[in-house]
Amino acid sequence: MIYLYYGDDAFTMQEQLGPIKEAVGPADLRDVNITDLDGTQLTLDELGATCDTVPFLGEKRLVMVKGLLSQFEARASSRSRQRSAPDRTPGLGQWEGLPDYLRKVPETTDLVFVEGRLGRANPLLARIRSIVTVRTFPLPSPADLRHWIRRRATSKGVDIEPGAVNLLAETIGG
């Protein structure tokens with residue numbers, strides 16, 4: 001499977017990556033079958049070579065790419081901000097071929113793109129959205145955060161008073 005996880009709620013995102021990591025195989029072989037790649041330093045050829053590698057003594061491998069799509073977020077230069085000109089977006093370059101490669105990723109590889117906030121105008125996101133399973137992780141609203149704190153405490157077997165929930169939500173925030 002190919003996933004794109006993005007948003008500001010890094011905590012929940014990391015929790016949701018847990019089961020994907022555990023599905024890679026036995027704990028003693030998991031580390032050799034999980035590869036983390038820095039998307040800011042990655043080439044399409046390196047991504048392909050990593051994803052095409054056969055799992056070691058297992059059925060699956062996991063490749064996580066962090067920060068690749070963020071490079072293609074529109075950013076205004078300081079000069080263009082002063083003139084209110086439209087944002088400049090870098091060309092996709094070698095990544096034009098990413099959609100074609102994603103259609104060929106071996107079944108033995110789970111590929112996860114992990115990103116922070118992405119805008120709807122991100123050109124690489126637009127190119128791969130229909131090929132990947134997208135999951136967004138926005139920060140919870142204040143009311144949702146309070147519910148989350150209560151549920152989390154209960155799941156850990158802890159009774160928490162409403163005042164404590166409010167204090168945690170106000171102090172820590174999203």
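A nonpolar surface patch of about 320 Å² is formed by V32, F56 and L57. Accessible areas come from the Shrake-Rupley method with a 1.4 Å probe. The model is predicted, so that local features need pLDDT of at least 70 and side-chain atom pairs count only at pLDDT 80 or more, whereas totals for chains, interfaces and linings use all residues. Residues are numbered from 1 along each chain, and side-chain values use heavy atoms, with hydrogens and water left out.

Strand β2 (residues 34-38) pairs in the parallel sense with strand β3 (residues 61-66) over five bridges, pairing being assigned where DSSP finds at least two bridges. L37 has V65 in β3 as its bridge partner. Between β2 and β3 the chain passes through helix α3 (residues 44-52) in a right-handed β-α-β crossover, that is, the path from the first strand over the helix to the second runs clockwise with the strands pointing away from the viewer.

Three aromatic pairs are found in the whole structure, defined by ring centres within 6.5 Å and classed by plane angle as stacked (under 30 degrees), edge-to-face (over 60) or tilted (the rest). Y5 and F137 form a tilted pair, with 5.2 Å between centres and 50° between planes. Y5 belongs to strand β1 (residues 2-6) and F137 to the loop between β5 (133-136) and α7 (142-155), 132 residues apart. Both Y5 and F137 are buried, and together with Y3 they make up one aromatic cluster.

F11 and W148 form an edge-to-face pair, 5.8 Å centre to centre with 90° between the planes. Because F11 lies in helix α1 (residues 10-22) and W148 in helix α7, this pair ties together parts 137 residues apart in sequence. F11 is partly exposed at 44% relative accessible area, and W148 is likewise partly exposed at 31%.

In the loop between β1 and α1 lies G7, which is buried with a relative accessible area of 13%. G7 and V112 are separated by 105 residues in sequence and by 14 Å in space, C-alpha to C-alpha.

Note on methods: Helices (H or I, at least four residues) and strands (E, at least two) are DSSP runs, numbered from the N terminus. Rings of Phe, Tyr and Trp (its six-membered ring) pair if their centres lie within 6.5 Å; planes under 30 degrees apart count as stacked, over 60 as edge-to-face and the rest as tilted. Buried means under 20% relative accessible area, exposed over 50%, partly exposed in between (1.4 Å probe, protein chains only). Patches are made of residues with over 30% relative accessible area and no salt bridge: like charges are joined within 9 Å, nonpolar side chains (Val, Leu, Ile, Met, Phe, Trp, Tyr) within 5 Å. A salt bridge is a side-chain nitrogen of Lys or Arg within 4 Å of a carboxyl oxygen of Asp or Glu.
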